[in-house]
Amino acid sequence: MYINNIKLMNYRNYQSLELDFNKKINLIIGSNGQGKTNIVESITLMSIGKSFRTNKDKDLIMFNKDSLYTNCNFSRNGINKSIEVVVTKEKKGIKINGVSVKSLHELLGTLNVVVFSPEDLKLVKDGPKERRSFIDKEISQVMPRYYSLLMDYNKTMNQRNILLKSNYIDKNLLDVYDLSLSKYGSEIYVFRNRFIEKLSAISNNLHKNLTLNKENLTIKYKNQLDIDDYSDADLIKELLYQKYKETIDSDLYNRNTKIGPHKDDISIHINDIDVRMFGSQGQQRTASISLKLSEIELIKQEVGDYPVLILDDVFSELDQDRQKMLVEKLGDVQMFVTSADPLHINILKELEYSVFHIENGKVISSENGGL
């Protein structure tokens, strides 16, 4: 999978921009605040329907403009496709191959993109919310039904929480919510468990390569059910329903739902040691790299083609050996690398790449190098 070109109009600080990309490595260089990340951000807008930096679509529109337009042409499994996104201050419109889609569910999985930013280097040591977000985003890309389940689950949980905060508790309505949460939650558990099992195997192999076979990385699913078999959705549904009944007094006291997938986490161990609690900073970073890189191989296994990889200002956070490892081990993946350091071009020697120099929302020069 690779992006051939993009077109931006009134996107952030780009009034008008058209770029043709290299199928291998695209290095986007510029000082801070010039618009490097805006280019790769527009790619995620066309991949998942939103920015990886903000939840407010209107923030993407150029100052004093009423709307923005983005377009990309890309190849997936040898078939050319296109995505267009129009954002106004009131709504958003999406077209795939010229045909309008009604929801993000229809967009997800069309253009698979993995984003690796400095924040992801803290994935291991951050809180459960960040790791749940990591899991949810990646499963949604390859299994759009999962995204719908999450939306249904979160909507129902919010309705249940509103009821718990009310002065009158309708027990029949509460039971309806419990049954619905149990149904949605059980399917979410099944999806997550399958994903984490695959993620653990792939990331362990990657981690062994990064540490010269000195460390084993294992990832396990942490939730409140404490069962061994997560393949039986009906069993999970019943257990989850029982949990809601057992904890109703606590939920009424706290006026909040304390049981369910929204409380899940993953445990990350290196050689049987909890790396979040006891690992060194170097181990935590290497484990985070292994997790992020494993997304690439997992998506390849699920959809039959490699995703596009965005490395947003990651080089500045890594030593030179890890920088070289990233670009050399991912030769089959189209990469977009943003950097403020022109010397990072040296890392790409003997590789196929294009360089774009950005200044104040404009490409002031570009060049090709390598093979």
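**Reading the surface, salt bridges and backbone**

Q: Is Met277 buried or exposed?
A: Met277 is exposed, at a relative accessible area of 54%. The cut-off for exposed is over 50%. Keep in mind that this is a predicted model.

Q: Where does Met277 sit, and which residues form a patch with it?
A: Met277 is in helix α8, residues 275-278.

Q: Which residues gather in a patch of negative charge?
A: Asp226, Asp228, Asp229, Asp232 and Asp234 do, on the surface. Take Asp234 as a case: it lies in helix α6, residues 233-246. Its relative accessibility is 61%, so Asp234 counts as exposed.

Q: Which residues of α3 are buried?
A: Among them are Arg131, Arg132, Phe134, Ile135 and Asp136. The buried set also includes Glu138, Ile139 and Val142.

Q: What should I know about salt bridges, and how many are there?
A: Side chains of opposite charge can pair when their charged atoms come close. This structure holds 16 salt bridges. In one of them, Asp265 pairs with Arg131, with 2.7 Å between the closest N and O atoms.

Q: Which parts does the pair of Asp265 and Arg131 tie together?
A: Asp265 is in strand β10, residues 265-270, and Arg131 is in helix α3, so the pair ties together parts 134 residues apart in sequence. Asp265 and Arg131 are both buried.

Q: Which residue forms a salt bridge with Asp264?
A: Arg192 does, and the closest N and O atoms are 2.9 Å apart. Asp264 is in the loop between α7 and β10, while Arg192 is in helix α5, residues 171-210, so this pair ties together parts 72 residues apart in sequence. Both Asp264 and Arg192 are buried.

Q: How far apart are Glu18 and Lys122 in sequence and in space?
A: The two are 104 residues apart in sequence. In space, their C-alpha atoms are 34 Å apart. Glu18 belongs to strand β2, residues 14-20. Glu18 is exposed, with 58% relative accessible area.

Q: What about phi?
A: Most residues other than glycine have a negative phi. Asn271 has a positive phi of about 50°, although it is not a glycine. Asn271 is in the loop between β10 and β11. With a relative accessible area of 36%, Asn271 is partly exposed.

Q: Where is Asn360, and what is its phi?
A: Asn360 is in the loop between β14 and β15. Its phi is positive, near 50°. Asn360 is exposed, at 59% relative accessible area.

Key: Residues numbered from 1 in each chain as written. Predicted model: local features only at pLDDT ≥ 70, side-chain atom pairs only at ≥ 80, totals over all residues. Heavy atoms only, no water. Helix = DSSP H or I, 4+ residues; strand = E, 2+ residues; numbered from the N terminus. Buried < 20%, exposed > 50% of the residue type's maximum accessible area, 1.4 Å probe, protein only. Patch = residues over 30% accessible without salt bridge, like charges linked within 9 Å, V, L, I, M, F, W, Y side chains within 5 Å. Areas by Shrake-Rupley, 256 points an atom, 1.4 Å probe, with all protein chains shown as cover. Salt bridge = Lys/Arg side-chain N within 4 Å of Asp/Glu carboxyl O. Lys, Arg positive; Asp, Glu negative; His and termini not counted. Charge placed at Lys NZ, Arg CZ, Asp CG, Glu CD.
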